[in-house]
Amino acid sequence: MDFSTGSPGRPGASARRPHTVRSILAILVIAPLAIAAFYMWALWNPGDTVNRLPVAIVNSDVGAEVDGTPLEVGDEVVAALVESGDVDWKVVTAEQAREGVDDGTYYYSVVIPETFSADVASAATGDGRRAQLEVVYNDFNSLVATPVGESVIAQVRSAVSESIGQQSADEVLIGLGELGQGFGEAAAGAQQLSDGAGEALAGANEAYAGSRELAAGAVELSAGADQAAAGSSELSAGMNELVGGTDLLGDGARQISEVVDLVTGPILSVMGEQGDIASQLVELRDGARELAYQLTDPSSDYRGGVLAATAGAADLDAGLGELAAGAQELSAGAGELSSGLGQLAAGMGELDSGSVELATGLTEGLAQVPQFTEEQRLTTAGLLASPVGVDEVYAYPAAGFGPGAVPAVISVLLFLVGILVWFVVRPRRGPARQVHDGVIQEGLRRYRIPAAVALVAALVASVVSLVVADVDPPSVLAMIAVMILVGAAAVAAGRVFTVVLGAVNGTFVALGALMIQIFTFGAVYPIEQLPAPVQWIHSLMPLTWAHNSMRMVLVGYYGPRFWVVVFALAALVVAAAAFTIWWRRRQEPEVEDVEPLPEPSPELQTVG
């Protein structure tokens with residue numbers, strides 16, 4: 001009911017006022033409950049509807065090549081994201097993503113840059129780069145979509161970066177470094193072993209040749225007994241030195257074999273004995289064991305030969321003391337010595353060949369193990385733990401009443417002004433001011449003050465947006481024109497409620513309708529998260545048109561969607577004005593918004 005329907009000096013005023021008060025009280029009680037119920041229904045568990053949000057994803061990755069194998073990480077990321085269904089991913093071009101975020105088709109965009117695969121592949125080089133995902137948010141589209149998007153992007157980054165932790169990666173890299181160092185030391189030792197084996201082979205060949213000469217000279221024992229005795233003493237001493245050298249070599253070979261077993265054992269237990277590197281490691285381990293066996297085990301060819309030669313030399317030395325009686329035995333012993341030294345020479349040849357292969361294999365294995373500095377190791381560990389970063393761009397942030405808050409806040413404020421102005425500024429009632437006034441002129445006369453208030457509100461909102469919110473629209477004049485149009489639409493819509501329901505009831509109903517629109521116009525909560533009935537009426541809400549027109553003009557988008565909402569607002573102004581004029585003229589016999597009748601002169605008033 002309208003408070004202006006009666007006054008203390010008019011009949012029926014006292015009867016209407018209690019009814020109006022009861023209406024107001026009923027509205028004050030029922031409206032909050034109804035709005036709260038609507039809010040709970042519209043936003044019940046919005047987390048289950050995040051997958052409805054349209055989000056643009058652009059794959060600009062050109063791929064990379066690692067050891068001759070193509071690497072297309074961008075395609076894999078896009079396929080995984082689309083399959084996950086966290087949001088409604090739309091695979092588009094870079095231009096479509098930019099335009100879609102500007103006009104509100106997409107709430108935000110995710111761009112996979114051209115170097116994404118190359119950056120991922122660089123992690124193992126020691127000078128790697130973190131692959132970046134580029135995300136562009138636009139708070140013009142929705143104030144809630146950006147925080148929701150940040151949460152989704154955090155999950156996306158976690159999924160893409162799923163790998164070993166930084167500590168584990170660091171330990172693996174340390175192990176690789178120690179393994180590489182061990183390979184280097186083993187390769188150097190194997191090279192030394194190869195050199196020593198070559199020298200030992202030369203000495204064995206020389207000893208073999210000398211034994212043959214000794215055997216030939218034994219036949220002429222009687223002629224050269226003294227010379228043979230002297231030679232056998234030298235031979236015995238040399239063989240003792242050879243045994244001592246072999247003991248030293250045996251100790252070194254045993255240590256090398258233990259180190260090789262310690263290094264290759266854990267690796268082979270993980271990798272198995274299949275593959276090029278594993279086969280090289282097996283060959284390294286077996287070669288080291290064979291070397292230690294030949295140098296330390298008396299039953300081996302080399303060690304047995306050395307000991308046999310030493311024993312033969314001792315026998316030769318003792319036998320020469322009994323030269324006269326044992327010339328024949330010396331000849332036989334010389335033959336055995338010659339045979340043993342032949343075996344020794346053959347064994348030393350195999351040892352030399354095996355040591356060369358060992359040194360070559362260790363050198364090749366060392367070349368395949370990455371050698372990182374401390375800084376490179378730490379950098380690589382960090383990249384393996386978190387290989388993907390996010391470069392977030394907030395094109396129009398809303399925090400702290402930033403530019404992103406302007407379309408939502410200003411559109412609501414202008415509609416609030418357009419509703420309340422009819423409650424404060426009420427056209428007078430009574431007979432027509434001038435009987436010759438036209439119907440349209442008389443109807444539009446009532447809009448003068450509210451229209452002026454809306455114009456001032458739109459201009460103030462423009463100044464606040466430019467100065468306080470720091471918006472930077474491509475065209476300031478276009479922004480002001482849109483705000484004036486929104487203010488006019490708000491005044492026209494507010495007038496429809498008050499002219500039909502009265503100033504009080506109409507204002508309350510209009511405010512209730514405004515509250516419903518705030519939930520459904522998409523500037524606060526993404527419309528895709530709301531129930532289907534709300535989505536159906538979303539595009540019919542004047543506040544939706546106002547918000548869309550403001551956010552589009554602020555980014556300089558003047559495509560078809562912009563002109564559709566501008567036409568809708570203009571049509572609302574014209575249709576609402578025409579409807580209110582028709583309605584008031586239809587009700588003219590009962591209510592007329594003109595100057596009140598002159599008060600009766602005191603002389604004509606009756607007392608009592």
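1. Y108, Y137 and Y394 make up one aromatic cluster. The model is a predicted one, in which local features need pLDDT of at least 70, side-chain atom pairs count only at pLDDT 80 or more, and totals for chains, interfaces and linings use all residues. Residues are numbered from 1 along each chain as its sequence is written, and side-chain values use heavy atoms, with hydrogens and water left out.

2. The structure holds 9 aromatic pairs, a pair being two rings of Phe, Tyr or Trp (its six-membered ring) with centres within 6.5 Å. The ring centres of Y137 and Y394 are 5.0 Å apart and the planes lie at 25°, so this pair is stacked (stacked means planes under 30 degrees apart, edge-to-face over 60, and tilted the rest). Y137 belongs to strand β6 (residues 131-137) and Y394 to strand β7 (residues 388-394), so the pair links parts of the chain 257 residues apart. Strands (E, at least two residues) and helices (H or I, at least four) are DSSP runs, numbered from the N terminus.

3. Y137 is buried, at 1% relative accessible area, whereas Y394 is partly exposed at 34%. Buried means under 20% relative accessible area, exposed over 50%, and partly exposed in between (1.4 Å probe, protein chains only).

4. W582 and W583 form an edge-to-face pair, with ring centres 6.1 Å apart and planes at 65°. W582 is partly exposed at 48%, while W583 is buried at 18%.

5. R495 lies over the face of W422, 4.7 Å from the ring centre; the criterion is NZ of Lys or CZ of Arg within 6 Å of the ring centre and within 35 degrees of the ring normal.

6. Helix α5 (residues 145-160) has 16 residues and should span 22 Å at 1.5 Å a residue, which agrees with its end C-alpha atoms being 22 Å apart. The expected span is 1.5 Å times one less than the number of residues. Its buried residues are A145, T146, V148, G149, V152, I153 and V156. They cover an arc of only 150° around the axis, and therefore lie on the same side of α5; the arc is taken from the directions from the helix axis to the C-beta atoms. Their cover includes α2 (73-84), β4 (88-91), β5 (108-112), β6 and β7, with contact meaning heavy atoms within 4.5 Å.

7. An unreviewed UniProt entry annotates "transmembrane region" at several places, including residues 475-501 and 508-527; such annotations may be inferred rather than shown by experiment. Residues 475-501 are 96% helix, with end C-alpha atoms 40 Å apart. Residues 508-527 are 65% helix, with end C-alpha atoms 25 Å apart.
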